[in-house]
Structures are given as structure tokens and as C-alpha cells.
Amino acid sequence: GIDELVQKLHQLGADVKEELEAAVVDGAEVIKKEANRLAPGPHIDTEVEESSDTHVTVAIGPVEEKWFYRFFELGATAHEITGSPLAFEDEGELVVTRRVHHPGIAARPFLRPAFDKNKDKAIETAKKRLRKRIERLTRR
């Protein structure tokens with residue numbers, strides 16, 4: 001249904017790229033809201049990566065400062081962390097060392113479940129936005 005709505009926007013002389021981008025971002029916000037609810041903290045955002053009259057790609061994921069959320073989403077195997085030196089706090093005590101064994105972390109996905117649960121609602125949200133714009137343009 002989105003292709004037909006985009007075609008109608010073209011026929012009405014709308015800025016299709018702008019309208020399509022706004023509609024897809026609205027849809028992505030539905031997924032973002034659920035991801036923020038499921039994530040380790042409320043730091044999920046959206047960003048338009050590509051945009052044209054026929055295609056919009058929106059990235060949904062943690063803000064840059066929360067890069068480590070990927071470990072919650074995907075998990076991590078046990079591994080060694082080295083540095084010269086490493087300094088961190090453990091139970092209120094300062095620890096300075098050259099290496100530490102990290103036991104890893106089990107995956108606790110939040111992005112994929114948010115997408116799976118809300119993809120249809122996101123599409124309907126985008127369509128609704130495009131339909132409203134078409135209605136406004138046909139009333140002129």
C-alpha cells in the first residue's frame with residue numbers, strides 16, 4: 001500500500017522524499033518506543049541513514065555513548081581485557097591491573113523483539129501519515 005500512496009503524492013506534486021522520510025521516521029518511533037522500554041536504559045534513538053523519493057532507511061539503536069548496549073543485544077563470550085594499566089572500581093575499591101578475565105554476558109535482546117512485535121504497527125503508522133498528507137493536499 002505504501003507504493004500507491006507515494007504515487008499519489010507524486011501526482012499531487014508533493015515533496016515525496018520529505019513526506020516519505022517523515023512517514024518512515026514516524027513508523028520507526030513506534031519501534032524505538034518499545035526498544036527503549038526493553039533496553040537496559042532509555043537511550044535508543046532513530047537516525048535517517050538514506051532517503052530518496054522511493055526509499056528511506058532509518059537506523060534504530062543506542063545512542064553513541066551507549067555503544068556497549070550491543071553486548072546486551074547480542075551477548076559476549078568470555079574474554080580477557082588487557083591494558084597498561086587498567087583501572088576500575090570493584091565493590092568500592094580501586095583496582096589497578098594489566099589484565100582481567102571477563103566472564104562474558106548472555107544475550108538479552110531488546111531491539112529485535114521490539115522490531116518483531118511492532119513492525120506491522122510501524123508500517124501502518126507510516127501509511128497513516130501519508131494518507132493524512134494526501135487528504136490535506138486534495139483539500140487545497
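**Exercise 1. Find which helix gives the largest share of the lining of the largest pocket.**

Start with the answer: H4 gives the largest share, five residues. Helices are DSSP runs of H or I with at least four residues, strands are runs of E with at least two, and both are numbered from the N terminus. A pocket is an open set of points on a 1 Å grid over the protein atoms alone, where a 1.4 Å probe fits, with protein on both sides within 12 Å along at least five of seven lines; lining residues have an atom within 4 Å of a point.

Next, the lining itself: it includes Ile-2, Val-24, Val-58, Phe-115 and Ala-122. H2, E2 and H4 are the elements that give two or more residues to it. The pocket's volume is about 300 Å³, counted as the space filled by probe spheres set on the points, which are joined across faces, edges and corners.

Before going on, note that this is a predicted model, where local features need pLDDT of at least 70, side-chain atom pairs count only at pLDDT 80 or more, and totals for chains, interfaces and linings use all residues. Residues are numbered from 1 along each chain as its sequence is written, and side-chain values use heavy atoms, leaving out hydrogens and water.

**Exercise 2. Work out what span helix H4 should have, and compare it with its end C-alpha atoms.**

First, take the 28 residues of H4, residues 111-138. The expected span is 1.5 Å times one less than the number of residues, so H4 should span 40 Å. Its end C-alpha atoms are 38 Å apart, which agrees.

Then look along the helix: H4 bends by about 60 degrees at Asn-118. The bend is the angle between axes fitted to the seven residues ending there and the seven starting there.

**Exercise 3. Is Ala-23 buried or exposed, and what is it in contact with?**

Step one: Ala-23 is found in helix H2. Step two: its relative accessible area is 0%, so Ala-23 is buried (under 20%, with exposed over 50% and partly exposed in between, using a 1.4 Å probe and protein chains only).

Step three: leaving aside neighbours within four places in sequence, Ala-23 is in contact (heavy atoms within 4.5 Å) with Ala-126, Arg-129 and Leu-130. Ala-23 and Leu-130 are 107 residues apart in sequence, yet 6.3 Å apart in space, C-alpha to C-alpha.
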